[in-house]
Amino acid sequence: MKHFLFGFLLSFFIGKSFAQNVSSFWIGFSPNFQSTKETRYTSNFRFGLAYVGTLGYSNYNEKRNIFVETEFASATLGAKNISSTRNLQAGLQFSYIFQRADRINFGPDLQVGSLLQFRNGVRSSNNSISYLIWNSLGITANKPFIIGSRPCNLIGSLPLISYVIRPSYSFPFTDRFLLQENYNLGLEDLRSNIVKGGKLRTLNSFVHLKLGIESYYFVKKNFGASIRYQFSYLSYLKQKSLFQFTHQLIFSFMLNNSK
Amino acid sequence: MRSFVIILFSTVLFCSCNKDFKSEEDTPIGVFNAMWKFIDKNYVFIDFKNLNMEALKNSYSNQITEDMTEAELFEVCSNFLLQLRDGHCFLDDGNSTVRFDTSEGISDTFNLEVIRGNYLQDNIIEYEFMTTATINDSIGYIYLSDFENIEDIEQAIKDFNLISDDIAKIIFDIRDNSGGDPQVALSIASHFMQADILVGQMVHKNGPMHDDFTDPVDIFSEDSDSKFLKEVRLLTNKNSFSASSFLAGMLQHQENVQIIGEITGGGGGDAISLELPNNWVVAVTINYFLDALGVHIEDGVIPDIFITNSMVPPDSGIDRILEEAIKR
């Protein structure tokens, strides 16, 4: 979420009018410390270090900021336990933020994300995998500010309504598979039935809160870097719950193009 | 901005108050409580086996003290688990695994070497989990030790069909077979019957209450290009567990199939497992199978003809169950 502040500050740094459209691309890498409690297979939080790759694009002017970012994380939790877990997490975020001078910028936010968990060293077939897949519509907001001479940005996003796909209470696939017409041990049409097996959830049962602070460094007119600390909280509270906290330090390299 | 921040933090606070958020502590009583809760919310046979979970909790939690050793705690938790009398349920501390012995002390008298040496002809083919041969010109024999590989079974049935039209009967032996993939059991059963025949139903746990179950979902036999629809004799004993019981349950009501031997060891379900606060792993059965007439197989599938080898001296070289199958 480099959007507004980036454009705003860029106008100072490179002496361009803010009325321009400015496009930015960035690629980032980060360590990510996560604690996850998937009550489908563990009674306590598991901790581990993930490696995250981030790819982003934004296009902004004085009225709005279009922002797209995707990230992929991989972690092994409980590596020394009898059954460890491989977590693969992917996300795509699309935001349209209305820019409001001297006020908090906000706008709608679309997210598609997944947390896939693969257990190692287990002999029980019905919960050797677990997943949380979500498609969400929510809000995002940011607030630029200056620390010393350093441009910074406070950012946050929260889905309000989500289409969430989870395994059934005791079955590796969704509840949909336990209906007579869909029950098929051959697992034909697996993908289609998984996608159709989701449920609409609101804030009382699905939360994916992201909060962060970011600072920018410009080496040249069209080249810079940023560092972002991001905290995220993910939870699913229906039947077998899932909780995840992540702390992430993202280092990004940025390319800008003004028109 | 203020309202936005309030929404954000109240959301996190709300979620953190969820009862599942708090973890049991890594103490003897915490480990036991986590295990008890997991079993109480997930074990599928609590009502079927008339288990009084509160009484079990009181009985075994009273045996737990703060200063007990890991070995002592493991023994108490294992004893609690064994009350479920279910071979799918286990407790694993990383060094050893405790599970209920479904054979309950019955001496194992099955011996494949006796069959190889005294009953099979020389055309023996050994697969990874299977042995095939003919007993005479009209009887084929398949021994299956594990439900892992359907391709070998398909090949064996094709081979029998190719050897001769005179093969009028297959003896399919699953004694001492402790199970494997139930899907393989369905595939095997489908080779001995027409397609789309109701072979049973699955019922799944779908909530934390003891009676939270899905409606039974029907399971039908599959199509296959290597079916054997002549006479089949299925040989079972108490060590025929899990997928073996599934197979026996699926074939039980087929006219061309007779089950001969001992009652199977049961185990009509799949399991899920949980990591406890001290990293031990406990597993329980989460669904169950009903045969085509709606009968549970958890306590075992009763054979059509009950015969046991337990009275036969181990060095006699005689397999009474197999001999009965040859005669029938």
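Predicted model: local features only at pLDDT ≥ 70, side-chain atom pairs only at ≥ 80, totals over all residues.

User: Which strand gives the largest share of the lining of the largest cavity?

Analyst: Strand S4 of chain A does, with 5 residues. Several strands of chain A supply at least two lining residues each, including S3 (64-77), S4 (85-98), S5 (105-119) and S9 (206-220). By class, the lining of the largest cavity comprises 5 nonpolar, 14 polar and 3 charged residues.

User: Now the pockets. What is the volume of the largest one?

Analyst: The largest pocket has a volume of about 580 Å³. Its lining consists of 23 residues, and those nearest its centre are Thr39(A), Lys19(B), Asp20(B), Lys37(B) and Lys41(B).

User: Where does the largest share of that lining come from?

Analyst: Helix H2 of chain B, residues 28-42, contributes the largest share, 5 residues. The classes in the lining of the largest pocket are 6 nonpolar, 8 polar and 9 charged residues.

User: Let us move to the surface. Which residues form the nonpolar patch?

Analyst: The patch is formed by Phe25(A), Ile27(A), Phe29(A), Leu55(A), Val219(A), Phe223(A), Phe253(A) and Leu255(A), which together have about 790 Å² of accessible area.

User: Which strand supplies the largest share of the nonpolar patch?

Analyst: Strand S1 of chain A supplies the largest share, 3 residues. Both S1 (22-38) and S11 (242-258) of chain A provide at least two patch residues each. Another member, Leu55(A), is located in strand S2 of chain A, residues 46-60.

User: How many salt bridges are there over all chains?

Analyst: There are 14 salt bridges over all chains. One of them joins the side chains of Glu38(A) and Arg166(A), at 2.8 Å from N to O. This pair links distant parts of the chain: Glu38(A) is in strand S1, Arg166(A) is in the loop between strand S7 (150-165) and helix H2 (190-196), and 128 residues separate them.

User: Are Glu38(A) and Arg166(A) buried or exposed?

Analyst: Glu38(A) and Arg166(A) are both buried.

User: What about Glu298(B): which residue forms a salt bridge with it?

Analyst: Its partner is Lys49(B), with the closest N and O atoms 3.0 Å apart. The two lie in distant parts of the chain, 249 residues apart: Glu298(B) in the loop between strands S13 (287-291) and S14 of chain B, and Lys49(B) in the loop between H2 and H3 of chain B. Glu298(B) and Lys49(B) are also both buried.

User: And Glu324(B) with Lys327(B), how many residues apart are they?

Analyst: Glu324(B) and Lys327(B) are 3 residues apart in helix H9 of chain B, so about one helical turn separates them. Their side chains meet in a salt bridge of 3.5 Å, N to O. Glu324(B) is buried because its relative accessible area of 12% is under 20%. Lys327(B), at 66%, is over 50% and therefore exposed.

User: Which residues are linked in a network of salt bridges?

Analyst: Glu69(A), Glu214(A) and Arg228(A) are linked in such a network.

User: One last topic, the backbone. What is the phi of Asn50(B)?

Analyst: Asn50(B) has a positive phi of about 50 degrees, although it is not a glycine. Asn50(B) lies in the loop between H2 and helix H3 (53-61) of chain B, and it counts as exposed at 68% relative accessibility.

User: And where is Arg85(B)?

Analyst: Arg85(B) is in the loop between helix H4 (70-82) and strand S1 (90-92) of chain B. The phi of Arg85(B) is near 50 degrees, a positive value in a residue other than glycine. Arg85(B) is partly exposed, with a relative accessible area of 48%.

Key: Residues numbered from 1 in each chain as written. Chains lettered and ligands numbered in written order. Heavy atoms only, no water. 1 Å grid on protein atoms, 1.4 Å probe; cavity = no way out; pocket = protein on both sides within 12 Å on 5 of 7 lines; lining within 4 Å. Points joined across faces, edges and corners; volume = space filled by probe spheres on them. Helix = DSSP H or I, 4+ residues; strand = E, 2+ residues; numbered from the N terminus. Nonpolar A, V, L, I, M, F, W, Y, C, P; charged D, E, K, R; others polar. Buried < 20%, exposed > 50% of the residue type's maximum accessible area, 1.4 Å probe, protein only. Patch = residues over 30% accessible without salt bridge, like charges linked within 9 Å, V, L, I, M, F, W, Y side chains within 5 Å. Areas by Shrake-Rupley, 256 points an atom, 1.4 Å probe, with all protein chains shown as cover. Salt bridge = Lys/Arg side-chain N within 4 Å of Asp/Glu carboxyl O.
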